Amino acid sequence: MTPRPLAILAAGAIGVALLLGSACTRLIEEEPTPTPLPTPAASTKPLFTVRRGSVIETVRGLGRVAASEEATMYFSQSGRLKQLHTDVRSRVKKGDLLAELEIGTLNTQIDQSRINMEVAELGLKRAVERSNTADPGVKSASARVAQSEASYAIAVANQQKVKAGATLAEMQGADASVAAARAAYEKAVADRNRLIQPKSPDDIAGASTALEKARAAVQKAQSDYDRIAHRPDVAASAQALALQQATADLNAAQARYNLATAPPRPEESAAAERTVESALAALRSAEARAAQLKAGPLPADRDAADASVRLAQANLDAAKADLEAKVLAAGLSTANFDVQIAQKQVDLAKVNLRTLEEQLQKSQLVAPFDGLVTSASGREGDVIQAYTPVVVLANPTSILVALEVAQQDLGKVALGQATTLTLDVFRGKTFPSKVIGLPNASAGPQPAALARTVKLDFTPPGPVDLGALANVTITTQRKDDVVLVENAGIRRFAGRSYVQIVGDNGRRREVDVEIGIVTDTLTEILRGVREGVRVVSQ
């Protein structure tokens, strides 16, 4: 039994030795090699090359076929709808009542006002009959009093205006006149300088190059034409058309070259100089006028105004004294004054009646012409807000396309701009058109849609319903030979527009740019980068 403890001790010693040996071996191991960091992958964003080309700015929208003569009718005051007398697709005649608001006792008030006016007219007639015995001298003196009162009122108004000085509107108008005159003068000077200064060598060289190209094009077109000149249909051939076009281009290039190389004619220079002198004189006059208004009235002006008032007052006093003397001499009563009072009563009755009749007119919508109702909204008892469209009346004998333009695009649209139209009813066809009507800014209060609606010329090849939709593209601006880049290359942040460009060494940097026209795919660069630069996409 004794050997077992010894064996256990021996085994333990061997285990300790193994552990120590293992520990010693771990201490002398080498440090592990660090894992290398991955190299960043090259950017996969596409690059765009800044280039020159043409860019077209357009305004697009969904218009509708409408009548050339169309009236959007609305009440100018809010109220409760009494009755809508028409519906969609109804044909109406000029003067027909289309809709009306509830007016309460307004008709009764109009009848009472009309009776009051008739009573006032009878009173005036009686007063005139009573005054027929008045002395002619009294009548003439009374007329002089009225004339003197009018002269005095004018003199007092002028005196107040002189003392108050120029109004803010007058001074703003004077400043605007100075600005307009200065702009006209600067334009006249620029036009004169452009006329008398010799053309730059670059302009002449460009015109010469264009002329040589045009000559070469004519020679080639002539050669192509000569090869088929024996054919009987040569006049209608593409070669004949090409020769005609090349000849026209040559004539234009020759005219541009002549303009670039020829000195200005003496009469043109003299006319330009006269224009400058005239514009300068107008500017000096406008500046003098503005300075006078800002300086205020002169003492002499105030003295003259005061003297006019004193004179007018003296004339009025004399006229009144003369009238009183003639009345006393004639021994008359106040008959003439009775006539004046009666006349004023008639005038007052007319004003009251006209006011009530205008209220009645504002509560009714009446057809302004024969036509077809294309829209009608509202039911009896509905509250109708002022300037809310209720009835749209159209004359379908002549049509156009109406387009409601977004407010931010409205300023870009002008009369005569080229337009294209496409309609589902005429699938596959594109109709050239132009802008023929703009919103009337001076029309006063009107529905918001009318204030943004432009009209486009349209002659359909066949029947089309009013209200049919049309895709509209208005060309508002075109520029050729401008610097362009794809829209994806433009970056924006906090009101800043910039691009990220790649240099020859592959490094990237940001460059601020000024942008012009922006289309669906391209952006015009006005300043910042030049042609050939590579731009990184967003």
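Across the chain, the mean pLDDT is 84, and 87% of the residues reach 70 or more. Where pLDDT is low, the predicted coordinates should not be read in detail.

Helix 4 comprises 29 residues, which at 1.5 Å a residue should span 42 Å; the distance of 42 Å between its end C-alpha atoms therefore agrees with expectation. Buried positions in helix 4 are Ala 174, Val 178, Ala 181, Ala 188, Val 189 and Arg 192. The cover over these buried residues includes helix 7 (266-295).

Arg 192 was examined individually. This residue lies in helix 4, which runs over residues 168-196. Its relative accessible area is 19%, so Arg 192 falls under the 20% cut-off and counts as buried. The side chain of Arg 192 is joined to that of Asn 193 by a polar contact of 3.4 Å. When neighbours within four places in sequence are left aside, Arg 192 is in contact with Ala 272, Glu 273 and Val 276.

A corresponding analysis was made of helix 5. This helix (residues 201-227) has 27 residues and should span 39 Å at 1.5 Å a residue; its end C-alpha atoms are 39 Å apart, and the two values therefore agree. The buried residues in helix 5 are Ala 207, Leu 211, Ala 214, Val 218, Ala 221 and Asp 224. Helix 6 (238-261) is the element against which the buried residues of helix 5 pack.

Empty space in the model was also considered. Rolling a probe the size of a water molecule over the atoms shows where empty space is left. The largest pocket has a volume of about 620 Å³. It is lined by 29 residues, of which Arg 64, Glu 70, Thr 72, Leu 450 and Thr 453 are the closest to its centre. Two or more lining residues are given by each of strand 2 (51-74), strand 9 (389-404) and strand 12 (453-456). Strand 2 provides the largest share of the lining, with nine residues.

Definitions and conventions: Residues numbered from 1 in each chain as written. Predicted model: local features only at pLDDT ≥ 70, side-chain atom pairs only at ≥ 80, totals over all residues. Heavy atoms only, no water. pLDDT = per-residue confidence, 0-100. Helix = DSSP H or I, 4+ residues; strand = E, 2+ residues; numbered from the N terminus. Expected span 1.5 Å × (residues − 1). Buried < 20%, exposed > 50% of the residue type's maximum accessible area, 1.4 Å probe, protein only. Contact = heavy atoms within 4.5 Å. Polar contact = N/O pair within 3.5 Å; in protein donor to acceptor, adjacent residues only side chain to side chain. 1 Å grid on protein atoms, 1.4 Å probe; cavity = no way out; pocket = protein on both sides within 12 Å on 5 of 7 lines; lining within 4 Å. Points joined across faces, edges and corners; volume = space filled by probe spheres on them.
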